[in-house]
Amino acid sequence: MSLVAGIARHRSGAGAGLLAAALCLLSIGTWYAMPPMRIDHHGYQLLCGLGIAWALVTRDDRKGTVIAGLCAAAWCHISLEGLAFTACASAWLGLRWVVDPRPRARLPLFLATLSIGSAALYIAVHGIGLIGHTFCDQ
């Protein structure tokens with residue numbers, strides 16, 4: 001709820017942030033993905049997706065881009081379903097690169113953070129001995 005409120009507050013003001021947080025309670029998908037005591041990966045996927053969106057609309061370009069890259073790396077390690085949203089975030093940063101020359105450092109920083117974060121997560125979870133082996137949704 002706080003990530004949704006943060007996105008809405010940044011884009012439309014404090015009242016919109018409060019309304020967006022309240023409307024999260026009406027989302028059937030949220031109630032399904034994040035009930036108390038449920039051990040499942042869907043809640044973490046939702047958190048990573050909202051983390052990417054929140055980080056890319058914050059005012060601090062460098063910090064937000066690094067957070068978005070780490071969230072994307074985590075989501076792709078939780079499930080391969082994160083690849084589509086990661087590709088969309090990369091495409092959005094690429095379009096911003098073309099349209100506005102000021103935030104040009106965001107796309108390379110996002111991709112570098114995604115790559116380094118993904119490699120670090122792989123080594124932390126699987127170890128060096130499993131490099132080169134294929135794993136799906138682990």
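A crossing of two helices is called right-handed if the near helix is turned clockwise from the far one by less than a right angle. Keep that in mind for the first part. The model you see is a predicted one.

I start with a pair of helices, α5, residues 61-78, and α7, residues 106-126. Their axes come within 8 Å and cross at roughly 40°. The two helices are therefore oblique to each other. The crossing of α5 and α7 is right-handed. On the α5 side, the residues in contact include D61, R62, V66, L70 and H77. On the α7 side, they include R106, L109, F110, L114 and Y122. By class, the residues of this contact are eleven nonpolar, seven polar and three charged.

The largest pocket has a volume of about 270 Å³. It is lined by 14 residues, and M1, C24, T30, M34 and L46 are the closest to its centre. Two or more lining residues come from each of α1 (2-12), α3 (28-33) and α4 (42-56). The pocket lining has twelve nonpolar residues, two polar ones and no charged ones.

How many cavities of 30 Å³ or more does a search of the whole structure find? One. The largest cavity holds about 30 Å³ of space. Its lining is made of L93, R96, W97, P103, R106 and L107. The largest share, three residues, is from α6. In this cavity lining, four residues are nonpolar, none is polar and two are charged.

Notes
Residues numbered from 1 in each chain as written. Predicted model: local features only at pLDDT ≥ 70, side-chain atom pairs only at ≥ 80, totals over all residues. Heavy atoms only, no water. Axes fitted to C-alpha atoms, helices over the stretch in contact; angles between N-to-C directions. Helix = DSSP H or I, 4+ residues; strand = E, 2+ residues; numbered from the N terminus. Parallel < 35°, antiparallel > 145°, perpendicular 65-115°, else oblique. Contact = heavy atoms within 4.5 Å. Nonpolar A, V, L, I, M, F, W, Y, C, P; charged D, E, K, R; others polar. 1 Å grid on protein atoms, 1.4 Å probe; cavity = no way out; pocket = protein on both sides within 12 Å on 5 of 7 lines; lining within 4 Å. Points joined across faces, edges and corners; volume = space filled by probe spheres on them.
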